[in-house]
Amino acid sequence: MELPPLAEVLATARVVAIPTRTRFRGISVREAVVFAAPQGASEFSPFTEYDDAEASPWLAAALDFGWAEQPVALRERVEINATVPAVAAVDVPEILTRFPGCTTAKVKVAERGQTLADDVARVRAVRAELGPSGRVRVDANAGWSVESAVIALTQLAQFDLDYAEQPCAAVTDLVAVRARLSELGFDVRIAADESVRKAEDPLAVARAGAADLLIVKAQPLGGVRRALSIVREAGLPVVVSSALDTSAGIAMGVQLAAALPEGMLAGACGLGTVALLDGDVTRTPLVPQNGAIAVGRPVLDASLIERFGAAPDREEWWRDRIARTYALLTHG
C-alpha cells in the first residue's frame with residue numbers, strides 16, 4: 001500500500017501508558033500509540049527495547065490496518081485462550097476468572113528468577129482449574145537451553161500439554177528439542193513464536209522442520225495481509241497471538257485470525273491479553289465473552305486516552321520513534 005503522509009499519521013496518533021494488573025514479561029506499564037485512522041482504530045506498540053529496524057514492521061502493520069481495507073473475515077468470532085503470567089500457583093484461580101468461558105490456557109514458564117518447581121506448580125494449578133478436558137499450553141519465550149527444555153518438558157508433559165511455545169531461541173535448538181523429546185517417547189508439540197516474528201526469514205522454521213505449528217502476531221509480521229501470506233507459504237497450522245496490546249491492537253489480531261482459511265487455525269488464540277491491563281482505550285474492550293471475541297473494531301474513547309495519556313517526554317519519544325521507523329519504511 002502507499003503510505004499515508006507522516007504528518008497525517010502523527011496528527012491521528014495518541015500515546016498511552018496503561019498499568020498492567022499483573023507484572024507480565026517484565027512490564028508493569030504498557031506504552032502504546034493508538035491511531036484514530038480512516039479505517040478505524042489502529043495501534044503501534046513495539047516493545048521499547050526494540051530498535052527501529054525491528055519496530056518498522058509494527059508501524060507498517062499499524063498503517064496498513066488503519067489506512068487500507070483488510071481481508072474478508074471468514075468467521076464472526078475467534079476462540080480465545082486465557083493467558084497466565086508467571087504468578088504463584090495460589091494466584092492462578094484469580095487470573096483465570098479474567099477469561100470467562102475460556103477452556104484453553106497458555107502458561108508462562110522459564111521466568112528469570114524462578115525455578116522449574118515454580119513452573120510445575122503453576123501448570124498443575126492451571127490443569128486443576130481447567131479440568132481434564134481443558135487445553136494447557138506453556139510458553140518459555142526462548143528462556144531455556146536445549147538441555148533445560150528437555151528436562152522441563154518431560155516433567156510438564158504429565159499435564160497433557162497442547163504444545164510448548166518457543167522453548168529455545170535458535171531454530172536449530174528447536175529441531176534438537178523436538179528430536180530429543182521424540183527419542184524419549186514424549187509427545188509434546190513445539191510451537192515457534194520468536195523464531196517467526198523476530199526472524200529475518202520467518203519461513204526458516206518451517207523449512208527446518210523445527211516446529212509443529214506457528215504462533216503469528218499481526219504487528220511484528222507487518223500486518224494482516226503480510227501475515228496471511230507468510231502463513232500460506234509456511235503450510236503449518238497457526239495460532240494467532242498478541243503482544244499485550246490495547247483493544248486497538250487486539251482488533252488487528254482478531255481480524256487476522258478471522259481471515260485464516262479453514263483448517264489453518266490450530267485452536268484458541270492468544271488475543272485475550274487486554275484482561276491483563278488495568279485500563280484500555282475504549283469503553284468496549286476486546287476481552288473474551290463466553291470464551292471468544294467477536295470480529296470488529298473498538299471505538300477509541302477520548303476520555304480514556306486522556307486518562308492514560310503518557311507523560312510529555314514519553315509522548316515525544318514515541319513520536320520521534322514513529323518518524324524514524326516511517327523513514328525506514330519509505331527509504332529502507
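At 24% relative accessibility, A142 counts as partly exposed; the class lies between buried, under 20% relative accessible area, and exposed, over 50%, with a 1.4 Å probe and protein chains only. The model is predicted: local features need pLDDT of at least 70, side-chain atom pairs count only at pLDDT 80 or more, and totals for chains, interfaces and linings use all residues. Residues are numbered from 1 along each chain as its sequence is written, and side-chain values use heavy atoms, leaving out hydrogens and water.

A142 sits in the loop between β7 and α5. Its phi is near 60°, a positive value in a residue other than glycine. N141 is found in the loop between β7 (135-139) and α5 (146-156). The phi of N141 is also positive, near 45°. N141 counts as partly exposed, at 30% relative accessibility. Most residues other than glycine have a negative phi.

The chain has twelve helices and twelve strands; these are DSSP runs numbered from the N terminus, helices being H or I with at least four residues and strands E with at least two. The radius of gyration is 19 Å, close to the 20 Å that the globule rule gives for 332 residues, so the chain is as compact as a globular protein of that length. The radius is taken over C-alpha atoms, and the rule is 2.2 Å times the number of residues to the power 0.38. Along its principal axes, the C-alpha trace spans about 60 × 40 × 40 Å.

Of the 332 residues, 55% count as buried. Among contacts with a separation of 6 or more, 72% join residues 24 or more positions apart; a contact means heavy atoms within 4.5 Å. The accessible surface comes to about 13,400 Å², and 50% of it belongs to carbon and sulfur atoms. Areas come from the Shrake-Rupley method with a 1.4 Å probe; for residues, only the protein chains shown count as cover.

Helix α10 covers residues 247-259. Its 13 residues reach 18 Å from first C-alpha to last, close to the 18 Å expected at 1.5 Å a residue. The expected span is 1.5 Å times one less than the number of residues. Helix α10 is mostly covered, with 13 of its 13 residues buried.

K106 is found in strand β6 (residues 104-108). K106 is buried, with a relative accessible area of 6%. Not counting residues up to four places away in sequence, K106 touches N81, A82, T83, V84, R137, D139, E165 and S241. K106 and L184 are 78 residues apart in sequence and 24 Å apart in space, C-alpha to C-alpha.
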